[in-house]
Amino acid sequence: MKKILLLFLLCCLGAYANTPSENIVSHLSSLNEKQKNTLYEFEVLKRNGCKTDQFWQENKNQFPSLDVKTRDELANQIFENSTIVYKPQKNSTVQIWMQTQLLTNWMFYLSAFIAICAVIALFKKYWSLLIGFLLKRLEPVLRYLFSPLLLTCELLTVGIACVFYAVSIEDFVVRTVIIHLGLFLLWSQSTALFTKEYWVKKYVLEIENNFWGKDPWETIKTICLPAVLVTLALSYVLYKVPADVFYNYEIVVSGIASIYALPFWRTLEKYIYPILFPFKNEGYRARSINSLGACTVIAVILTIVLVLQWNAIFCNVIAAFVSLEIFSFLILSSKENHKYNLGNYYYLQFVTVLFLVLAFLYSYQIHSNEIMWFSLIGSCLFIILKYLEIFSFFSSWKRGNSWAWKLLGLAALLWVLGQGILYFSKLIFEI
């Protein structure tokens with residue numbers, strides 16, 4: 001008898017527990033699309049800390065009388081479990097909030113960038129004065145503590161701590177500034193340790209000398225090892241803060257630097273850069289341009305390998321590679337680098353145009369706005385640079401009385417490019 005009563009009690013409790021969920025399901029099934037969208041907007045505003053009272057007063061006439069608990073549960077269920085293709089109405093509260101959020105995000109990005117530049121500038125300007133003051137005024141106590149070697153180790157430790165702990169800071173601006181300060185300390189102080197030159201001006205000269213030097217170990221410890229440390233630090237930051245996608249661009253630069261600083265590339269370089277400079281150079285071309293050409297070929301190969309993976313996790317890295325390669329192609333295709341052999345100049349114009357077209361088609365296929373904008377901006381810069389170079393075949397830009405006509409032509413070219421982008425965007429996106 002006790003078992004029967006216990007079973008009956010459990011059934012009653014189960015029925016009672018299921019009643020609210022069945023009630024919610026019943027309400028959900030009776031809502032139309034407009035009501036679901038309104039509840040979705042309500043939940044979006046609520047989750048982002050906005051006041052929802054006024055919004056609900058404006059829209060509650062769409063619903064039958066709902067108590068606060070049922071309304072909140074319905075909004076939560078729609079937000080969590082429904083697949084909704086949501087498009088905010090023009091001038092709606094959500095649209096205004098989204099636009100405001102976008103504007104403030106860009107303001108945060110700009111403030112972070114300005115703060116980074118300011119901190120590094122102040123660091124460069126006042127660091128020597130600070131060290132000089134400490135060594136002069138507090139020499140009896142701090143002579144050993146602030147010796148160049150020990151101070152370098154201390155700053156390197158501070159850089160590691162900045163990167164390690166800054167990823168847990170919620171404020172975007174403060175987090176970005178501290179992380180980049182840590183990255184700068186990691187690079188500068190590790191370079192100082194490896195070169196045994198503890199002042200910035202001295203070890204910058206060491207970097208320039210050792211990159212083309214004959215001693216492979218000097219190149220590795222001067223350039224490669226610091227770049228590897230920065231790359232590892234950026235990998236940790238990306239792992240902890242994946243929302244800050246701009247670190248993908250920085251890790252590509254540091255990664256390429258760490259790879260290309262390996263000495264064996266100096267030997268293989270002469271076999272790689274002819275891919276972009278197939279015609280023999282009868283005159284002088286800077287060795288740095290040859291190195292940039294070889295590095296660009298390596299970057300393109302790595303990009304193709306990542307593209308063939310067809311994995312969304314590599315999208316930001318591919319975008320970073322493409323932006324770096326577009327910048328490199330603009331430099332390599334400049335007429336200034338081909339004064340003695342125009343064959344390579346004409347060949348690089350074809351290669352650059354082909355790369356820009358392929359980048360745009362790839363971005364359109366995978367719907368990547370970043371790569372699409374990079375290819376469009378790169379194409380516009382390429383066209384403008386070629387327009388300026390056309391006159392260099394016949395006369396100097398500044399000489400003669402026709403500079404005003406050239407300037408007017410540049411203005412017309414910019415107008416045509418703007419109209420072309422608008423026209424093709426309407427065709428592609430069917431606006």
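I started with burial: buried means under 20% relative accessible area, exposed over 50%, and partly exposed in between (1.4 Å probe, protein chains only). Cys380 comes out at 17% relative accessibility, so I logged Cys380 as buried. Cys315 sits at 31%, so Cys315 goes down as partly exposed. Across the chain of 431 residues, 36% are buried.

A note on provenance: this is a predicted model, where local features need pLDDT of at least 70, side-chain atom pairs count only at pLDDT 80 or more, and totals for chains, interfaces and linings use all residues. Residues are numbered from 1 along each chain as its sequence is written, and side-chain values use heavy atoms, with hydrogens and water left out.

Next I searched the whole structure for disulfides (cysteine sulfur pairs within 2.5 Å) and got 0.

Then I counted secondary structure, taken as DSSP runs (helices H or I, at least four residues; strands E, at least two) numbered from the N terminus. I got 17 helices and 0 strands.

Last, I looked at one helix pair. α14 (residues 315–332) packs on α15 (residues 342–366) at about 160°, axes 10 Å apart. Over 145 degrees counts as roughly antiparallel, so that is how I filed α14 and α15. Which residues of α14 make the contact? I listed Ile318, Val322, Glu325, Ile326, Phe329 and Leu332, with contact meaning heavy atoms within 4.5 Å. On the α15 side I noted several, including Leu348, Phe355 and Tyr362.

Definitions and conventions. Axes fitted to C-alpha atoms, helices over the stretch in contact; angles between N-to-C directions. Parallel < 35°, antiparallel > 145°, perpendicular 65-115°, else oblique.
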